[in-house]
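User: I would like to learn how to read a few local features in a structural model. Could you take me through them one at a time?

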Amino acid sequence: MTDLPADTATVHVPLGDRAYDILIGDGLLARLGELVKPVIRRPRVAIVTDETVAPLYLEAATRSLTAAGIRTDHVILPAGEATKSWDRFGELTGSLLALGLERKDTLIALGGGVVGDITGFAAAVLRRGMDFIQVPTTLLAQVDSSVGGKTGINTAFGKNLIGAFHQPNRVIIDLAFLDTLPVRELQAGYAEVVKYGLIDDPEFFEWLEENGARLRTGDRAAQAYAIRKSCEAKARIVAEDERESGKRALLNLGHTFGHALEAECGYDGTLLHGEGVAIGMAMALDLSARMGIADKADHDRYLAHLQGVNMMGRAAQIKKPMQADVLVAHMAQDKKVDAGQITFILGPIGGARTVRGVDLDLVRAVLHDSLAG
Ligand SMILES: NC(=O)c1ccc[n+]([C@@H]2O[C@H](COP(=O)([O-])OP(=O)(O)OC[C@H]3O[C@@H](n4cnc5c(N)ncnc54)[C@H](O)[C@@H]3O)[C@@H](O)[C@H]2O)c1
Ligand SMILES: [Zn+2]
């Protein structure tokens with residue numbers, strides 16, 4: 001492989017003939033061409049990005065790819081969750097075909113989870129499957145959505161209901177992208193970082209209690225460590241259960257609650273995904289305590305950490321009044337519902353597991369308390 005700078009970390013995702021590397025380092029965008037070259041079949045790519053990321057990074061990306069002898073086109077999508085729609089997907093695939101891209105060419109997703117998800121889905125179905133490379137520019141995309149091969153779009157029936165498993169050929173994470181990310185987006189992505197500690201790594205959670213706040217101040221060493229730990233955790237879980245028949249479901253910790261909050265807030269920016277997940281994980285710890293499978297102290301400890309990094313931990317802090325019953329109804333719609341039963345990921349800090357058949361009165365009580373502040 002290309003020689004990487006000494007401070008670049010590599011995380012391998014061991015998936016047999018779909019295995020790939022995640023490269024993590026400072027300033028990798030400038031070296032995009034040489035980092036892409038070893039994993040493409042023909043020297044032709046199309047970058048897919050959004051209107052916010054394009055003015056910041058498209059030129060540097062194109063310059064580096066072109067310098068490496070790779071013919072590079074691009075498609076720019078509107079920024080935001082609404083882009084993950086059938087209409088935009090139709091336009092995107094149409095634009096890519098109009099550019100004359102062929103099966104052995106490669107798509108490069110340069111952006112957050114929205115760009116990564118729709119580009120990955122386009123790669124999964126265009127010409128029955130093209131290669132793609134993730135260049136995630138948000139913290140959420142760097143630690144979660146760019147790894148693991150879930151791709152897709154939303155429908156009126158709910159988020160991510162249409163999609164495919166399609167693994168990227170490489171994930172290239174430049175820490176410098178985080179410098180331009182709005183603090184609120186950075187914090188939302190941080191929820192997914194904390195999630196890995198809560199799932200099965202209590203020592204990482206402890207590290208975050210000590211150092212989590214450093215991620216926000218552009219501390220490269222802290223960012224590199226937290227992102228590497230997160231990618232390792234995701235790679236390990238995905239390698240064990242690529243298509244979510246078991247362990248991968250643990251990655252949904254806090255998400256059943258969080259998705260209900262998001263749905264009720266209407267995906268209009270009132271509540272970001274990670275913000276909902278942060279609150280949802282507090283609810284999961286509270287529910288675990290009420291069911292006797294975790295200590296109440298874990299819930300308090302987690303809430304104290306959120307407060308320490310200036311994040312919301314309770315639904316009462318969301319600028320929208322909500323009702324427990326309506327949130328329960330949203331949960332019943334969630335795609336994690338199996339034969340009518342809602343699946344929850346519960347347990348103490350560092351000991352998450354799947355639990356079914358939860359008493360909905362307890363769930364209501366948890367929601368009620370969180371909404372009450
Ligand atoms: N595939 C998966 O496994 C998976 C996992 C988690 C989330 N997701 C999906 O990810 C999406 C959310 O991703 P997201 O939080 O990255 O949102 P996003 O892609 O909408 O990015 C958030 C905002 O930040 C802007 N932005 C991106 N990078 C920037 C940068 N470096 N500097 C300044 N602005 C920048 C974007 O233009 C956008 O406005 C959701 O659609 C969710 O369903 C997918
Ligand atoms: Zn999430």
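Predicted model: local features only at pLDDT ≥ 70, side-chain atom pairs only at ≥ 80, totals over all residues.

User: Which residues coordinate the zinc ion (ligand 2)?

Analyst: Donors are N, O and S atoms within 2.8 Å of the metal (3.2 Å for Na, K and Ca), and sites may look incomplete because water is not among the atoms. Here the zinc ion (ligand 2) is coordinated by Glu192 (OE), His255 (NE2) and His273 (NE2), at 2.0 to 2.1 Å, with the sequence spacing E-x62-H-x17-H. His255 lies in helix α9 (residues 255–265) and His273 in helix α10 (residues 273–290), so the two histidines tie together parts that are 18 residues apart in sequence. Helices (H or I, at least four residues) and strands (E, at least two) are DSSP runs, numbered from the N terminus.

User: How many residues of α10 are buried?

Analyst: Buried means under 20% relative accessible area, exposed over 50%, and partly exposed in between (1.4 Å probe, protein chains only). In α10, 16 of the 18 residues are buried, and Gly292, just after this helix, takes a positive phi of about 80 degrees.

User: Where is Gln167, and what does its side chain reach?

Analyst: A polar contact is a pair of N or O atoms within 3.5 Å; within protein, one must be able to donate a hydrogen and the other to accept it, and residues adjacent in sequence count only if both atoms are side-chain atoms. Gln167 sits in the loop between β8 (158–165) and β9 (170–174) and is buried, at a relative accessible area of 7%. Its side chain reaches the backbone oxygen of Gly148 at 2.9 Å, and a polar atom of that side chain lies 3.2 Å from the backbone nitrogen of Gly149.

User: Is Asn310 buried or exposed?

Analyst: Asn310, in the loop between α11 (296–308) and α12 (324–333), is exposed, with a relative accessible area of 57%, and its phi is near 65 degrees, a positive value in a residue other than glycine.

Terms used
Residues numbered from 1 in each chain as written. Chains lettered and ligands numbered in written order. Heavy atoms only, no water.
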